[in-house]
Structures are given as structure tokens and as C-alpha cells.
Amino acid sequence: MKILIVDDSRAMRRIIQRTLRQAGFKGYEIVEAENGAEALDLVRSESPDLILSDWHMPVMSGLEFKRALNEADLDIPFGFITSENTLEMRAVAAEAGADFLLAKPFTPNDMAQALGLFVT
Amino acid sequence: MLTSMIESLARDVSQELPADGLTHATEAVIETCDVQLGWSFAPADGPAAGPATSPCCGSAIALTSDDGTWLLIALCDLDSARRLTRALFAMDDYDDVMIEDTADALNEIMNVSAGVFKSHRDRRGEKLSIGLPTYLDGDETACRPSDRVARSSRLLCTDDDACIRVIAFWREGSDSGRLHA
């Protein structure tokens with residue numbers, strides 16, 4: 001199984017990988033991108049099974065990235081991991097077809113609950 | 001340099017913070033460090049964060065609305081910053097903590113804290129946009145603020161003496177672009 005992590009912060013990509021391990025998700029291949037445009041290329045070349053994306057990023061935001069996936073009929077399990085935790089933002093994420101939104105800060109247990117349906 | 005920048009900002013901002021601003025900033029940092037690091041920070045007394053001889057570093061992030069700009073700053077001594085970095089990235093004791101790691105860690109803590117702060121303020125109807133965090137590197141005096149800065153800040157410490165000073169500045173009005181670190 002391959003997980004694509006999309007975040008412009010190198011630190012947050014490290015934190016997400018650490019939390020995945022702490023949540024018991026081990027042995028998965030991780031692919032990283034710094035923005036939505038880079039991630040879109042990686043989706044085509046790497047065929048990830050799950051995408052974890054930040055919301056605010058330069059070049060192409062997470063929301064624009066998700067909408068680009070929708071337009072290309074690329075139906076891959078998709079979750080936002082973001083500081084945006086207002087009801088308004090959650091509604092926008094759901095409307096765009098995101099499977100979940102994991103708000104920062106998050107614990108390994110939060111991660112396990114959010115990803116449980118998608119990672120076997 | 002860092003000390004004079006913070007003192008200058010303190011002279012330039014509104015002396016009265018909007019209701020609960022400093023409380024929300026403090027709670028945001030406490031919640032972020034608790035959830036992301038498992039560290040329990042609590043308000044502490046005293047002017048200092050860390051030993052007097054330790055260099056001070058930190059991170060600042062601005063949040064803007066139509067009404068004005070918040071600038072949240074976290075300052076800590078280098079030893080606390082390195083310990084926080086090791087915990088955040090699950091680094092081993094024998095791993096060297098580079099300055100880039102510390103900058104990444106403090107900036108990420110402030111980025112996440114800003115999101116929590118934004119959620120607090122959103123519940124009061126305040127719509128904020130989060131800017132990008134900036135790493136602050138200074139000398140040992142920056143962690144010992146003047147009375148003016150101290151009034152806009154809270155010192156937080158863990159049981160094993162890792163400390164962070166959280167500062168919240170507010171500048172009212174649309175012309176608040178100068179309120180950035």
C-alpha cells in the first residue's frame with residue numbers, strides 16, 4: 001500500500017509519518033509532495049492508495065488538488081490534514097468529496113480513527 | 001536584534017487586547033504541545049524562560065481579519081527548543097539537532113497553534129486568515145522581556161523546566177501590515 005503525503009511543511013510531513021508509525025500503520029510506502037501540482041504528477045506516476053493533504057499550500061492548494069482529482073475521475077481515498085477546523089471549512093471539504101478531515105493537532109489515536117476505514 | 005524588534009512591536013500595538021486574546025493564544029500553545037508532543041505546559045511565575053546564559057529563539061505568526069492583525073510569538077531558550085524538536089520529530093538522543101530542525105519544529109508548533117487560536121476566535125465571530133510562520137533567532141535577552149512586553153505575554157513551563165513565553169500582540173485597523181515579525 002502506498003500513501004501520498006502532501007504538505008509544504010517538511011516538518012509536518014515528518015510529524016505525519018511519525019504519527020502513522022505510532023498509530024500502528026507500518027510497512028507502507030510513503031510518497032511526498034510539497035503542493036497540489038506536484039502531488040497531481042505523483043498520483044499519475046505512483047498510483048497511491050491513499051492521499052493525506054494539507055489545505056493551504058503554495059502553487060496549488062489542497063482543495064484545488066482535490067477538485068483536479070475529481071475532474072480527472074481519479075477516485076482515490078482522500079483526507080485533509082489541516083489547521084482549518086471551522087464548521088465552514090469542514091463543509092467545504094465534504095462538498096469537495098474528501099473522505100475525512102483530520103484537524104491539527106492530532107494524536108496517533110485520532111490518526112488511527114480517521115484512517116481506519118481506508119488502511120488495511 | 002530580536003529583543004529590539006519585540007520591544008518595538010510592543011510600542012506599536014494596541015495596549016488593550018480584544019477579550020481573551022492572550023488566554024486563547026496561551027490555550028492554543030498548551031493544547032498543541034499537549035496533543036502533538038504529550039508535553040503538559042502550565043502557566044508559571046517569573047520573568048525568565050530558561051537559564052540566563054542560554055540563547056533565545058522562537059517563532060512568530062500573523063493572523064489577519066478585516067478588523068486588524070494578531071501577531072502570536074513563542075520564545076524559548078535553546079535547550080527547551082532542542083528538547084521540543086527531538087520530541088516533535090521523535091529523534092533519538094544521539095541525533096544532532098540542527099538549527100533547521102529547530103526552526104522547522106518551532107514554526108510548525110506556531111502554525112498548528114495558530115489554527116487552534118483561529119478556531120477559538122471563530123467561535124466569537126472573528127474570521128481570521130493565517131499567515132506563514134517566521135523563525136526568530138536571538139540572544140539571551142529576548143527571553144527576558146520588559147514590563148510592557150510581559151503584560152502581553154504568559155510564561156509556560158513543564159514540570160521538567162522546559163519553558164515557552166507566549167506573546168500576543170493586536171493592532172487594530174486595516175493598516176496593520178507592519179505587524180509582522
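Predicted model: local features only at pLDDT ≥ 70, side-chain atom pairs only at ≥ 80, totals over all residues.
Residues are numbered from 1 along each chain as its sequence is written, while chains are lettered from A and ligands numbered from 1 in the order in which they are written. Local features need pLDDT of at least 70 and side-chain atom pairs pLDDT 80 or more, whereas totals for chains, interfaces and linings use all residues.

Visitor: In what order do the five strands of the open sheet in chain A stand?
Guide: Strands here are DSSP runs of E with at least two residues, and helices are runs of H or I with at least four, numbered from the N terminus. Two strands pair if DSSP finds at least two bridges between them. The pairing in this sheet is parallel, and the order is β2-β1-β3-β4-β5.

Visitor: Which strands of chain A stand at the edges?
Guide: An edge strand has a single partner strand, so one side of it is left without a neighbour in the sheet.

Visitor: Which residue in β2(A) does K2(A) stand opposite?
Guide: β1(A) and β2(A) run parallel, joined by five bridges. Across from K2(A) stands E29(A).

Visitor: Is β1(A) largely enclosed or open, and how many of its residues are buried?
Guide: A residue is buried if 20 or more other C-beta atoms lie within 10 Å of its own, exposed if 12 or fewer, and partly exposed in between, with C-beta atoms placed from the backbone. β1(A) has five residues and is largely enclosed by the rest of the structure, because the number buried is four.

Visitor: Over how many bridges do β4(A) and β5(A) pair?
Guide: Strand β4 covers residues 78-82 of chain A and pairs with β5(A) in the parallel sense. G79(A) stands opposite F100(A) in β5(A). The number of bridges is four.

Visitor: At what angle does helix α3 of chain A run to β4(A)?
Guide: Helix α3 spans residues 62-71. It lies across β1 (2-6), β3 (50-53) and β4 of chain A. Its angle to β4(A) is about 175°.

Visitor: Which peptide bond is cis?
Guide: Look at the loop between β5 and α5 (108-115) of chain A, where P105(A) is found. Omega is near 0° for the bond from K104(A) to P105(A).

Visitor: What is the phi of S47(A), and what is that of V59(A)?
Guide: S47(A) sits in the loop between α2 (36-46) and β3 of chain A, and V59(A) in the loop between β3 and α3. S47(A) is exposed, with 12 other C-beta atoms within 10 Å; V59(A) is exposed too, also with 12. Neither is a glycine, yet phi is positive: about 45° for S47(A) and about 70° for V59(A).

Visitor: Which element gives the most to the side of chain B that touches chain A?
Guide: Two residues are in contact if their C-beta atoms, placed from the backbone, lie within 7 Å. By that test, 18 residues of chain B are in contact with 15 residues of chain A. α2 (21-37) and α4 of chain B each supply at least two residues. With 10 residues, the most comes from α4(B).

Visitor: How do α1(A) and α4(B) pack?
Guide: Helix α1 (residues 10-22) of chain A meets helix α4 (residues 99-122) of chain B at about 80°, with their axes 8 Å apart. Angles under 35 degrees count as roughly parallel, over 145 as roughly antiparallel, 65 to 115 as roughly perpendicular and the rest as oblique. That makes the pair roughly perpendicular.

Visitor: Which residues in α4(B) meet α1(A)?
Guide: α1(A) brings R10(A), A11(A), M12(A) and I15(A). Facing them in α4(B) are D104(B), A105(B), N107(B) and E108(B).

Visitor: How many residues has the largest nonpolar core?
Guide: Such a core is a set of buried Ala, Val, Leu, Ile, Met, Phe, Trp, Tyr and Cys residues joined through C-beta atoms within 7 Å. V29(B), L72(B), A74(B), L156(B) and A168(B) have the most contacts inside it. α4(B) gives the most, nine residues. The core has 83 residues.

Key. Axes fitted to C-alpha atoms, helices over the stretch in contact; angles between N-to-C directions.
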